[in-house]
Structure formats: structure tokens, C-alpha cells
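Please keep the sequence and the structure in view while going through the numbered points.

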Amino acid sequence: MIAGVCARCGAVLREEEIGPGCRWSADMHRGRIVGLICPACQTPDEDAEAQFNAETLVYGRDASGRCVASPKVTPASGERVQ
Ligand SMILES: [Zn+2]
């Protein structure tokens, strides 16, 4: 099943591609996905930001369904939160 298309080139993201190692980026606005960007269309800066976010943030949803991110590492303990 198709999960979305790249906002820049129209490449298709299939649901089975979503998961660890998926290099697609989501363009977020106020906690909502407003676009997807495939790996081929990402600028080096966007790719670096996506990799940094994947390493440091945990994503979830709040009560209204908006996507929220919180840090994987807590400053007080230095331990991963998962
Ligand atoms: Zn693309």
C-alpha cells in the first residue's frame, strides 16, 4: 500500500518501506506531516538533520494526534529513554 509520495519528484513511499533505516523525511508543520521528501531529493543539510533527529529524538503523538518529539537522552541521567 502507498504511504505517500515525495513532494518534490513524486516518488512513491510504500508502507513496507517505513521503519528503521527508512531515509525519507517528513516536512512537519505544527505537529502535522505536510509533505514527504524522498532520499534522492533531500539536500545534504536535510539529510544530516534527518540523521541527527533519528539519533537523538523519539517521536510520538499527543492527545490530539499531533506528532511530538522528545529527546532520547535525558540531561540529568545521560541514559537513553525508550
Ligand atoms: Zn523525491
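**Burial, strands and helix**

1. Buried residues make up 2% of the 82 residues in the protein chain. A residue is called buried if 20 or more other C-beta atoms lie within 10 Å of its own, exposed if 12 or fewer, and partly exposed in between, with C-beta atoms placed from the backbone.

2. The source of the coordinates should be kept in mind. This is a predicted model, in which local features need pLDDT of at least 70 and side-chain atom pairs count only at pLDDT 80 or more, while totals for chains, interfaces and linings use all residues. Residues are numbered from 1 along each chain as its sequence is written.

3. The protein chain contains one helix and six strands, and their order along the sequence is β-β-β-β-α-β-β. Helices (H or I, at least four residues) and strands (E, at least two) are DSSP runs, numbered from the N terminus. Of the contacts in the protein chain with a separation of 6 or more, 32% are between residues 24 or more positions apart. Two residues are in contact if their C-beta atoms, placed from the backbone, lie within 7 Å.

4. Strand E3 (25-29) and strand E4 (32-37) have a loop between them, and Arg-30 lies in this loop. E3 and E4 run antiparallel and are joined by five bridges; two strands pair if DSSP finds at least two bridges between them. Within this pairing, Ala-26 stands opposite Leu-36 in E4. The two strands form a hairpin with two residues between them.

5. Arg-30 is exposed, because 7 other C-beta atoms lie within 10 Å.

6. Ala-7 is placed in the loop between strand E1 (2-5) and strand E2 (12-14). This residue counts as partly exposed because it has 15 C-beta neighbours inside 10 Å. Leaving out residues up to four places away in sequence, Ala-7 touches Asp-27, Gly-35, Leu-36 and Ile-37. Ala-7 and Val-34 are 27 residues apart along the chain, and their C-alpha atoms are separated by 9.2 Å.

7. Cys-38 belongs to the loop between E4 and H1. With 19 other C-beta atoms within 10 Å, Cys-38 is partly exposed. Which residues does Cys-38 contact, leaving aside its neighbours within four places in sequence? They are Cys-6, Cys-9, Ala-11 and Trp-24. Gly-10 is 28 residues from Cys-38 in sequence, and the two are 8.7 Å apart in space, C-alpha to C-alpha.

8. Helix H1 (residues 44-56) has 13 residues and spans 18 Å from its first C-alpha to its last, close to the 18 Å expected at 1.5 Å a residue. The expected span is 1.5 Å times one less than the number of residues in the helix. H1 is hardly covered, since the count of buried residues among its 13 residues is zero. Glu-49 is one of the residues in this helix, and it counts as partly exposed, with 13 C-beta neighbours inside 10 Å.

9. Strand E5 (residues 57-61) runs antiparallel to E6, with five bridges joining them. Tyr-59 stands opposite Ala-69 in E6. The hairpin of E5 and E6 has five residues between the strands, and Gly-65 there takes a positive phi near 95 degrees. Is strand E6 (residues 67-71) largely in the open or largely buried? The number of buried residues among its five is zero, so E6 lies largely in the open.
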